[in-house]
Amino acid sequence: SDCVAEIFGSGRRAGYAFTNCTHCGPRYSILRGLPYDRAQTTMAGFAMCAACGAEYDDPADRRFHAQPIACPACGPRVWFEREGREVPGDAVALAAEVLARGGIVAVKGLGGFHLACDATDPMAVALLRERKRRPAKPFALMAPFGVVQAHTRVSAAEATLLADPAAPIVLLQKAGLALPEGLAPGQDALGWMLPYTPLHHLLCAAVDRPLVMTSGNLSGAPQAIGNGEAREMLAAFADGFVMHDRDIARRLDDSVERITPEGPMVLRRARGRVPGTLPLPEGFGGAPQVVAHGGQMKAAICLVKNGQALLGHHLGELDEALTWEAFLQADRDYAALFDHRPEVVAVDLHPEYRATQHGRARADREGLRLEEVQHHHAHLASCLAENGWPLDGGKVAGIILDGTGLGSDGTLWGGEVLLGDYRGFERRAWLTPAPLIGGDMAAREPWRNALVRLDQAGLSDWADEMFADKPLAMARMAAQRGVNAPLSSSAGRLFDAVAACLGICAEGQSYEGEAAMRLEALAAAAPEAGHPGHDFGIGDAGAGLRIDPSPMIRQLCEELGAGCAPGTIARRFHAGLARALAAPARALVETGEAKAVALTGGCFQNALLLDEALRALDGVPVLFHRKTPANDGGLALGQALVALARMESD
């Protein structure tokens with residue numbers, strides 16, 4: 001707040017975009033090595049002037065030993081450029097002019113470039129979507145708090161989270177003055193962040209309206225961090241660039257968080273939250289150094305050293321070549337920065353995950369112990385670790401709901417109740433498997449999942465009518481013969497099936513989780529709190545219980561036929577799914593086999609599903625995620641703890 005007052009004041013740092021002190025400013029994104037001092041940062045090339053030097057040396061000054069200290073006389077500078085050439089004039093004012101005309105500006109921030117446009121201008125929003133080829137994925141917004149309040153309903157807890165020094169993107173319910181639907185099609189919330197650097201404050205003040213502030217990248221690729229890289233990558237998107245000459249040493253996306261009825265929830269752990277650590281739970285004292293490489297989606301790396309677990313920043317999907325390069329760089333970077341020399345490498349069980357292949361090759365090359373960890377066991381262990389569950393704290397019943405993960409039986413799991421701890425697990429209940437027609441295509445085209453669930457429920461005629469324009473005969477033949485149609489108990493694909501039945505994203509999803517997010521938004525707006533929800537069948541499957549969605553599908557179609565509102569149906573699905581999975585988990589606690597229930601996996605980033613599950617588990621001890629992502633962004637933490645538990649058991 002002192003630095004904000006300075007840049008809008010009349011002193012020597014008035015309007016200066018790199019104003020900072022020991023209470024604020026860049027750290028991790030400018031750090032080249034430890035210890036953290038100016039010579040080890042990207043500020044090394046900027047020699048302090050006499051005035052900054054005096055502040056730096058004065059113990060009574062708030063800039064005493066502020067490593068990025070700078071002023072207009074000695075620090076980095078900002079400029080505006082168009083078509084690769086600097087435009088004379090004030091960079092912020094020039095950028096504001098372009099934004100006011102409905103243009104798009106690339107802005108070099110703290111951990112990478114953003115693409116900005118006027119969030120109140122539907123044409124500008126549509127232009128950004130067209131140029132970035134991002135048809136529906138929500139855009140993040142930036143504005144001062146007073147502007148945020150005008151467009152949302154902000155609780156006291158949300159206001160506190162917005163103002164947190166980490167400055168995350170916070171999901172807030174739409175309210176007040178309406179903004180274009182194109183910002184987040186089909187969603188009931190928008191992701192907002194406050195300006196968190198002097199440059200952002202100056203730009204927001206100059207424009208005086210909310211700005212889209214989305215990652216400056218090609219769709220699916222990491223955001224640009226270098227000036228040359230940005231010119232090459234973003235020239236087709238931006239009408240101008242706000243550049244500066246302080247290098248970014250480390251790419252960091254914005255963190256994404258929300259406040260649920262149960263408290264804070266981290267959706268994407270990145271800028272402001274890393275490289276923070278978690279203490280290892282009781283029983284892991286003296287643990288050796290471990291590196292865990294996570295999964296294929298939402299990749300993140302975890303290091304264990306000195307009784308702490310460091311869960312690295314969000315990297316993205318490793319199928320993307322530039323993200324893969326960023327993953328390899330992060331692996332080297334963390335090892336060098338934290339002087340990390342692992343004895344053990346932990347990876348996912350899936351042999352085709354690039355992170356698994358990398359970890360296996362590293363273990364072979366360096367002669368390290370390799371531990372392969374089943375995907376959902378890692379999710380369970382991640383939830384236990386975040387909650388400080390002791391190594392010998394006893395077994396828990398884990399409800400793990402996500403897209404897919406390779407199961408220990410060779411099939412694809414995703415809707416499970418596991419009984420286990422860090423050392424091992426048993427699979428006690430699961431959703432009735434359904435074929436994923438077309439393999440990965442099933443995750444992109446929800447009608448495929450709806451078709452198989454309708455057929456399983458004996459409602460093939462409904463499928464014929466709903467999806468009459470699809471190649472149903474060919475799809476059914478593939479499902480029947482198992483040709484590129486692996487069986488999966490995926491809860492994520494069940495969400496897709498229900499969404500498609502309700503006419504949501506049936507043709508295809510433009511980003512991962514779109515159908516489920518739209519379904520949650522639809523359900524959350526329905527006045528159905530307290531309804532028991534749709535019924536699921538529960539049957540003995542020999543080695544455990546099979547939870548059958550077919551009764552739910554039949555009720556859904558009956559309600560559709562009777563003209564029931566889609567939002568009401570969506571709400572009942574959420575409640576029914578939570579109740580069906582809570583029942584066997586509760587039973588494991590009540591019989592004494594489990595000490596508590598753990599809720600984890602990407603589906604539990606759905607705040608409504610989490611709330612319904614907690615309601616269904618009322619009176620039972622429940623663990624869930626607050627500081628680490630429930631999705632694959634937290635997977636590496638669980639892998640590391642499972643590897644340590646196995647070593648302790650040897």
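This is a predicted model: local features need pLDDT of at least 70, side-chain atom pairs count only at pLDDT 80 or more; totals for chains, interfaces and linings use all residues.

Me: Which helix gives the most to the lining of the second largest pocket?
Reply: A pocket here is an open set of points on a 1 Å grid over the protein atoms alone, where a 1.4 Å probe fits, with protein on both sides within 12 Å along at least five of seven lines; lining residues have an atom within 4 Å of a point. Helices (H or I, at least four residues) and strands (E, at least two) are DSSP runs, numbered from the N terminus. Helix H1 (2-7) and helix H7 (198-207) each supply at least two lining residues. The top contributor, with four residues, is H1.

Me: What is the volume of the second largest pocket?
Reply: The lining has 37 residues, and nearest the centre lie His23, Cys24, Gly25, Pro165 and Tyr196. Volume is the space filled by probe spheres set on the grid points, which are joined across faces, edges and corners. For this pocket the volume is about 1000 Å³.

Me: Where does Pro275 lie?
Reply: Most peptide bonds are trans. The bond from Val274 to Pro275 is cis, with omega near 5°. Pro275 sits in the loop between strand E12 (263-268) and strand E13 (277-279).

Me: Is Asn484 buried or exposed?
Reply: Phi of Asn484 is near 50°, a positive value in a residue other than glycine. Asn484 is in the loop between helix H15 (472-481) and strand E23 (487-488). Buried means under 20% relative accessible area, exposed over 50% and partly exposed in between (1.4 Å probe, protein chains only). With a relative accessible area of 51%, Asn484 is exposed.

Me: Which elements do the buried residues of H8 pack against?
Reply: In helix H8 (residues 227-234), Asn227, Ala230, Met233 and Leu234 are buried. Seen down the axis, they fall within an arc of 135° (taken from the directions from the helix axis to the C-beta atoms), so they line one face of H8. By contact (heavy atoms within 4.5 Å), their partners are strand E1 (78-82), strand E3 (105-108), strand E4 (113-118), strand E10 (240-244) and H9.

Me: How many residues apart in sequence are the parts tied together by Phe284 and Tyr422?
Reply: Rings of Phe, Tyr and Trp (its six-membered ring) pair if their centres lie within 6.5 Å; planes under 30 degrees apart count as stacked, over 60 as edge-to-face and the rest as tilted. The count comes to seven aromatic pairs. Phe284 and Tyr422 are edge-to-face, at 5.1 Å centre to centre and 90° between the planes. Phe284 lies in the loop between E13 and strand E14 (290-292) and Tyr422 in the loop between strand E20 (412-420) and strand E21 (425-431), so the pair ties together parts whose separation in residues is 138.

Me: What is the relative accessibility of Phe327?
Reply: Trp324 and Phe327 form a stacked pair, 5.3 Å centre to centre with 10° between the planes. They are three residues apart in helix H9, separated by about one helical turn. Trp324 counts as buried at 16%. Phe327 also counts as buried, and its relative accessibility is 0%.

Definitions and conventions
Residues are numbered from 1 along each chain as its sequence is written. Side-chain values use heavy atoms; hydrogens and water are left out.
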